[in-house]
Structures are given as structure tokens and as C-alpha cells.
Amino acid sequence: MEGTVEDEKTSMAEEELRNIAKAEHIQRQAHSQSPASNHGVQTVETHGGGGGNHKDSTTSVATAKEEPFKPEDMTLERAESLGYPTEKTVRSQSLSDGSSEATSAEDLEKGIVAPILVKHQLGAQDYEKSDVAPIMRRGHTPTPSYNSNWRISLPPAEIPKLPYKRERKIWRALRHNLLSVYKRLFTIVFVGNMIAFIAELALHRHSEPFGPPLGNVATAASANILAAILIRQEYVINALYAICCWTPLWMPLRFRRVVAKVYHFGGVHSGCATSATVWFILYTALVTKQQADGVFNQPAVIVITYLLLLLFILICIFAIPKFRIVSHNTFEAIHRFAGWIAVALFWVEILLVLHAQSEIAGSDSLGILVIKAPAFWFLLIITFFIVLPWLRLRKVAAFPEVLSNHAVRIHFKYMKIGPVLGIRISQNPLKEWHAFASIPAGDGSSFSLIVSDNGDWTKKQIMEPANSYWVRGIPITGVLRTAMVFKKVVFVTTGSGIGPVLSMVVSHPMPCRLLWSTPNPQQTYGDNILQAVANADPQALIINTRASGRPDIVALAYHLYLEANAEAVFCISNPHLTRKVVYGMESRGIPAYGPIWDS
């Protein structure tokens, strides 16, 4: 009996909402057209509250040209234009009715509650979303703007309790923080160099002049610089990921989970760069001593050597994560311009030193010394790989699709792109570059990327969409490519992190579960993005944090991991949450991966 009464209330509310929407729409059209000139004339009855009934003879376009409209999608402007009660009218009505309940304009704008009219008609006190059927608005076809197989989810009412972390706290801190794969690689490279450093000093402790030959030290420094640059080259990075993804799925999980850590290659980069600086400190000391001892008189060499040392130290200091995060643009400028200047000065340094050696009695000619010097060939390769990406610098057309005032989707058609690849775009090639994951189109003819409001530059792209961008080099493989070495995974992401995830699941569909937590996903990113998420995982957890608050991402990730019987968890989010999820999983024995600051 109670169900029948509630059904009657809901039906009355539906009818009342439709009637008001129709009446308000018709009143706006009444000044521009007459009833006799329209087809499909119908009579609409509206029943005013409290007073008697009245009829308005109105006209409308046939319902065959209508499209769905959901009350829960109502915005403040749309509510006002259709005549729905707004904050002001509701508060007035609440005061007159003696009701203590008030709904803010912010809640109505964010879509947290349904239109006020439905709420009051149904008498719901804890209403979140209306069960009222979609209204058919006149003047449009009834074709939906999206397939209705995606849904905004609420966090599960009951989720499995997280198990206790494995091992003791001090060992967890050592294993997952101080001894992370990145730091292990850095340590291996740096310690290996220091062993060679000490051995070189020991072997030549009685040499005259003192210390190792300048050529040996210059070779060690240039070799480390070469390795640091090569490991960051697009071709090398793509090759590393390609080799990793050749790992067959029948291999033991213990092996595959180690292979998937390939994105920590940045440890090699920083280890080699730091080692090169240490070798160059020794080189500077030897050059200074030989100059003081009168072995050769080359003031220009001394000046250039100390300039080089200063540049190397600046590059290392601003590459420290804390400085890099505080001012990324400064880091990028110093890394690029100081690096270029250092390579140019290194060329001058090597040639001046070799020229000075060629003037010593009994030495080979300058040409022979250049050919015999390993540092010369290393510098030649270094220069080639620095110039290579800039040979592919070009300006390409862009087709922006503004999704909201928080996000824009930029489409490119200048090339086809493979799975899980990212590109760097810029509006000023010498100033700053920004990397984004690409989302291939269904037919593979184009691709797009999602830019969300995350700073001055990204905000400008949303508010002032550009029709062209600079690109350079080739697309670079991203972290999520390593998901291919697992049979089934869980993708956890927040905000615009959905871009890299879609880059993976659109170009390389695979068994997966997907958790996406973000404010107002439909209003911010649009129906097409949500539909792509549903296509990848029909049961995807799409959580609107404006409606349900921020969920426990670690607990939800563990819940999906168990539910899907997955092999690994991947997280794409801000650095803090990514570290939290990866640590939360790995400390419980679950393979987990996410971008690091130098991946």
C-alpha cells in the first residue's frame, strides 16, 4: 500500500514537472509565433497549488523531435530559464512553509541534489538523485547524446578490510622508499663509478704529474654524460618498453612484476649525471694542478673548466626533486640551456687540451690525437642525440574541444599513433614543454589528449584554446604500457589521469577493472569520455567526489583487485596519491605501479 502511494506521488511529481517545463517554454515562444501557425497543437493542463484549476491552450512541436533531459543534470542557469525554483524562491517558500531545509545554489550548480521542485513534490529529505523519468524537451530529436551504459557510482557500502602490511615498519621503509628500484639503479651506477674512481687514483698515485692522465678522466666524464643522455632518448625509451612487453604471459608473475619496473630507468640517468660531475671535479683539480706546476700554460682551459664545473653543479642541484617541484620551469630551462652550453664548452675544452698535448715534443699531431681520443667520439654521439629531436620540430594543427571550464580535449590529425604513447606540446619551443598521454581514435587516423586545469599554462589552453602547437621528436611510451605483461589489472586514476588510462584501454583492450575518482565527471569531461570508460570496463567505478566525498582509494583498489582476481594495480594520479596507492599495495604483497618524478 505504501509503495502505491509513493508511486502516485512520483507520478504526480513527474506530471507537474513536465507541465511547468512546457508552460514556461511556450510562454517564451508566444511573442514570436502564433498558435495557428504551428502544427501538432495540443492542450496542456497545469494545476496550480492551492487555487482552482486552469487551462492554457498552447502549441508545441511534435514529440518526435524531442531529446532526453534528466532532472539531475540541471544547472542553475537551466533551472532559471525553465522556471524551476532557484535558491531565492525556495528559501522564500521554505520560510513561508516553516521548513528548516535549505538548498544552496552551489549544490544545485554542482548537481549534488535534484531540481528543487522534484525534491519538494516528493517530500524527500535525504534526496540525492531523482528517480523521475527523463523529460522530453521540445524542438529536438529523441536521440540520446550518449549510450546509457555508464553510470556514476557510489563507493561500495561494504569493502574488504585491508590486510596488515607485511614485514616490519623499518624494513618496509627501507625496501619501498630508500631501496626503491629507482634508487637501487642510481646506487649501482654511482657505486660502480666510485669504484673505478678510487681504482684510477690508486693506480696513478705515484704518477708524474700527479694523478690519472687527463684523457682517462675526460673519457670517464664524457662516457657518463653519454649514458645519461641516451637513457632519456625517445628511441631508447621506446626500445626498453618494447623489450619489456615481449615478456610472455606464461612467465611466472614474480618475473613479470620485476620486468614491469622498467620505468624506473631514470635512476640510471641521475646516477650517470651525478657520476659525471664527480669525475669532472677530479678533472678540474688535475687541470688546476698542472697549470700551477707549469706542465702547460693554457689560461683558457682553466676558465672553461671552471665554467663547465659550475654548469654541471647547477644542473645537478636543480634536478633534485624538491627544487624541481618548486619551480619546474626553472629546472627545465637550466637543464636545457645549461646542458647545451656545457656540451659546446666541452668541445672547446677537449680540442684545447688536445692542441696543448700536440705541442709537446714527441706527441702525435692534433688530428691523430682527436681520432684516438674516446672523449671526442662520445661528444660526437652526445651532440647528435641532443640535436636529433629538434630536427623533427614542427608546428601542427590542433582541433580543441572544450569539455568544460576545467578541461579541454585537443585533437590532432597529423599522424597515426600507437598504444600508450605520449607527446610533448608547446606554444614556445624554447621556453616550456608539456607532456600528455595520447588517446588514439577508433579508426587510428588521429588522436587526442586531455588537458585539465592544473596551472597557468593548462588554464590558458582551456580558456583560450589554440589552433596549433609545436611538437618535436617522436611519441614516447608511457608507464601504463607495462600493463601488457599482466593478464588482468586494476587501473586507479583521478581527474585528468583518465587520459593515460584511456590511451591504454582504447588502443589495447585488455581484461581490467577501472576506478576513476573525480569531481563532477560528466560536467567536466563530457559523455564521450565517460562512454569510453564504460566501454573499457562496463562495471567501472566512476565516483563523483562532489556528491560522495573523497573515497578511500587504497581500500577501493584492494577491493577491485580481489573482486577481479587481478595480477597488478596501476595508479595514475597526483604524486602523493600515486605513492600512497603503490605503497599501500606493495606493502601487502600486491604488484603496483605508478609514474615517479623521473619516469
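In which loop does Asn520 lie? Asn520 sits between β15 (512-518) and α19 (521-536). This is a predicted model, where local features need pLDDT of at least 70 and side-chain atom pairs count only at pLDDT 80 or more, while totals for chains, interfaces and linings use all residues. Residues are numbered from 1 along each chain as its sequence is written, and side-chain values use heavy atoms, with hydrogens and water left out.

**View 1. Two asparagines with positive phi.** Asn520 has a phi of about 45 degrees without being a glycine, and at 13% relative accessibility Asn520 counts as buried (under 20% relative accessible area; exposed is over 50%, partly exposed in between; 1.4 Å probe, protein chains only). Asn565, in the loop between α21 and β17, has a phi near 55 degrees. Asn565 is exposed, with a relative accessible area of 65%. Helices (H or I, at least four residues) and strands (E, at least two) are DSSP runs, numbered from the N terminus.

**View 2. Helix α22 and its cover.** The end C-alpha atoms of α22 (residues 575-586) are 16 Å apart, which agrees with the 16 Å that twelve residues should span at 1.5 Å a residue (expected span: 1.5 Å times one less than the number of residues). Its buried residues include Leu577, Val581 and Met585. Among the elements covering the buried residues of α22 are α6, β14 (489-494) and α21 (553-564).

**View 3. Thr219 in helix α8.** Thr219, in α8 (residues 214-230), counts as buried at 19% relative accessibility. Leaving aside residues up to four places away in sequence, Thr219 touches Pro374, Ala375 and Phe378 (contact: heavy atoms within 4.5 Å).
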